[in-house]
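Here is a short briefing to read beside the structure.

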Amino acid sequence: YNFEWEKSIYDTVHWSARKPGQPFFCQVQLRGGKMRGNGTGDQWPARVKKDLGDITAKDSFELPPYLPADPVILQDWAQYLDTVRYTDMQVGRIVARLREAGELDNTYVFFITDHGISHVRNKQFCYEGGIHIPMVIRGPGIKPGTVREDCVEHVDLAATSLARAGIDIPEIIQARDILAEDYSPRKYVFAARDRCDETVERLRAVRSQQFKYIRNFYPRRPYLQPNRYKDNKPIIQTMRRLFGEGKLNKAQALIMAESRPEEELYDLHQDPFELKNLATDPRYQQTLKEMRRELEAWIIETDDRGQAPESDAMYDSDMSVFMQGNQSADQKEILSRNIALMKKWAAEGK
């Protein structure tokens with residue numbers, strides 16, 4: 001996905017069909033939150049009830065304060081929670097398979113997700129709901145029930161898995177072996193978001209144990225820029241409708257703003273849902289400046305590929321392939337309008 005590969009290396013044979021005693025690396029991609037579709041249909045709840053015995057009731061949980069208790073939002077969140085329950089069952093089956101084969105105790109199992117919940121303020125954003133993911137590791141030498149609070153990055157899985165296989169970690173990579181005896185926890189971790197589908201964006205974030213700093217490189221654009229994929233979701237349509245009707249409170253309306261501050265700073269200990277921006281608060285200027293410097297240094301050190309806007313040729317080439325997909329004429333028209341708007345805003349320097 002998103003890269004060219006040799007079939008002789010990837011997707012060749014199931015791990016159980018290898019030679020006796022041969023080491024193996026296997027990546028299993030479960031559907032996770034995607035199992036619920038758009039969160040409003042009946043097919044997914046029926047499957048959950050059949051396989052798990054019941055579904056999550058809409059009155060059995062509390063929504064984050066940035067979401068309204070609208071029936072559509074509640075239904076989507078309940079179905080999301082059921083995808084978590086279902087994923088737990090699937091992971092259990094994988095672990096059971098390894099145990100039955102006698103391989104569990106000499107195999108490292110890593111469980112992660114690619115991003116947070118696909119919802120209004122989470123997926124594709126650098127708030128905690130988008131970048132704080134689960135990470136569970138089982139394997140030789142790891143004490144069951146151990147909980148760590150240090151911050152790690154997705155890329156660290158590369159170095160950690162290489163080390164478990166006895167392979168030298170290349171000095172050039174940013175990843176760290178988080179299970180190494182001499183591992184030193186990161187003081188800061190970094191997150192980024194660029195173009196998704198047709199929607200041009202550039203967000204960068206720095207997180208410490210206590211604080212989160214976010215840089216918006218397109219502050220004159222709305223948080224919810226037009227995006228055909230997201231705008232088709234009932235949750236987005238519901239939020240837009242409620243905002244238009246004046247039915248969102250201050251916290252819920254934050255994501256609907258037509259522009260954004262260039263910088264956002266949050267105290268995650270006091271404000272875990274990132275609702276109070278401290279970037280202009282005089283009491284936090286030292287923290288702001290330090291995290292700003294860390295981001296600027298990271299951009300230079302990693303040669304951040306988002307420093308220059310994507311070329312029109314690259315954008316047009318990618319969108320041309322995207323437009324050729326199996327989509328209705330109406331959907332292609334929406335996509336065309338969004339592409340034109342992205343180009344217009346770029347020309348205006350917005």
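Strand β5 is mostly covered: six of its six residues are buried. This is a predicted model. β5 belongs to an open sheet of four strands, ordered β3-β4-β5-β6. Helix α8 lies across β3, β4, β5 and β6.

- Which residues point each way from β5? Phe-211, Tyr-213 and Arg-215 point one way, and Lys-212, Ile-214 and Asn-216 point the other way. All of these residues are buried.
- In a regular strand, side chains alternate between the two faces of the sheet.
- Strand β4 covers residues 203–207 and strand β5 covers residues 211–216. The two run antiparallel and are joined by five bridges.
- β4 and β5 make a hairpin, with three residues between them.
- Within this pairing, Ala-205 stands opposite Ile-214 in β5. Val-206 has Tyr-213 in β5 as its bridge partner.
- β5 also pairs with β6, in the antiparallel sense, over five bridges. Here the bridge partner of Tyr-213 is Leu-265 in β6.

**The sheet as a whole**

- The pairing in the four-stranded sheet is antiparallel.
- Which strands form the edges? They are β3 and β6 (263–267), and each pairs on one side only.
- From one strand to the next, the twist averages 15°.

**Helix α6**

- Helix α6 spans residues 234–244. Its buried residues are Pro-234, Ile-235, Ile-236, Thr-238, Met-239 and Leu-242.
- What do these buried residues pack against? They pack against α2, α5 (228–231) and α7 (250–253).
- Gly-246 follows α6. The phi of Gly-246 is positive, near 70°.

**Helices α9 and α10**

- Two packed helices are described by the angle between their axes and the distance between the axes.
- Helix α9 covers residues 312–323, and helix α10 covers residues 329–347. Their axes come within 11 Å and cross at roughly 170°.
- Angles over 145 degrees count as roughly antiparallel. α9 and α10 are therefore roughly antiparallel to each other.
- On the α9 side, the contact residues are Tyr-315, Asp-316, Met-319, Phe-322 and Met-323. On the α10 side, they are Lys-332, Leu-335, Ser-336, Ile-339, Met-342 and Lys-343.

**Aromatic pairs**

- How many aromatic pairs does a search of the whole structure find? The search finds eight.
- Trp-77 and Tyr-80 form an edge-to-face pair, because their planes lie at 65°. Their ring centres are 5.7 Å apart.
- Both residues lie in helix α2 (residues 71–100). Trp-77 and Tyr-80 are three residues apart, about one turn of the helix.
- An α-helix has 3.6 residues a turn, so residues three or four places apart point the same way.
- Trp-77 is buried, with a relative accessible area of 10%. Tyr-80 is partly exposed, at 21%.
- The rings of Phe-190 and Trp-298 have planes at 10°, so this pair is stacked. Their centres are 5.2 Å apart.
- Where do Phe-190 and Trp-298 sit? Phe-190 is in strand β3 (residues 189–193), and Trp-298 is in helix α8 (residues 285–301). The pair links distant parts of the chain, 108 residues apart.
- Phe-190 and Trp-298 are both buried.
- Phe-125, Tyr-127 and Tyr-266 form one aromatic cluster.

**Charges over rings**

- The charged end of Arg-121 sits over the ring of Tyr-127, 3.9 Å from the ring centre.
- Arg-221 lies over the face of Tyr-218, at 4.5 Å from the ring centre.

**Phe-24**

- Phe-24 is in the segment before α1 (43–52).
- Is Phe-24 buried or partly exposed? Phe-24 is partly exposed, with a relative accessible area of 28%.
- Leaving aside neighbours within four places in sequence, Phe-24 is in contact with Trp-15, Arg-18, Leu-98 and Thr-107.
- Phe-24 and Ala-346 are 322 residues apart along the chain. Their C-alpha atoms are separated by 47 Å.

Terms used. Residues are numbered from 1 along each chain as its sequence is written. This is a predicted model: local features need pLDDT of at least 70, side-chain atom pairs count only at pLDDT 80 or more; totals for chains, interfaces and linings use all residues. Side-chain values use heavy atoms; hydrogens and water are left out. Rings of Phe, Tyr and Trp (its six-membered ring) pair if their centres lie within 6.5 Å; planes under 30 degrees apart count as stacked, over 60 as edge-to-face and the rest as tilted. Buried means under 20% relative accessible area, exposed over 50%, partly exposed in between (1.4 Å probe, protein chains only). A charge sits over a ring if NZ of Lys or CZ of Arg is within 6 Å of the ring centre and within 35 degrees of the ring normal. Two strands pair if DSSP finds at least two bridges between them. Axes are lines fitted to C-alpha atoms, for helices over the stretch in contact, and angles run from 0 to 180 degrees between N-to-C directions. Contact means heavy atoms within 4.5 Å. Angles under 35 degrees count as roughly parallel, over 145 as roughly antiparallel, 65 to 115 as roughly perpendicular and the rest as oblique.
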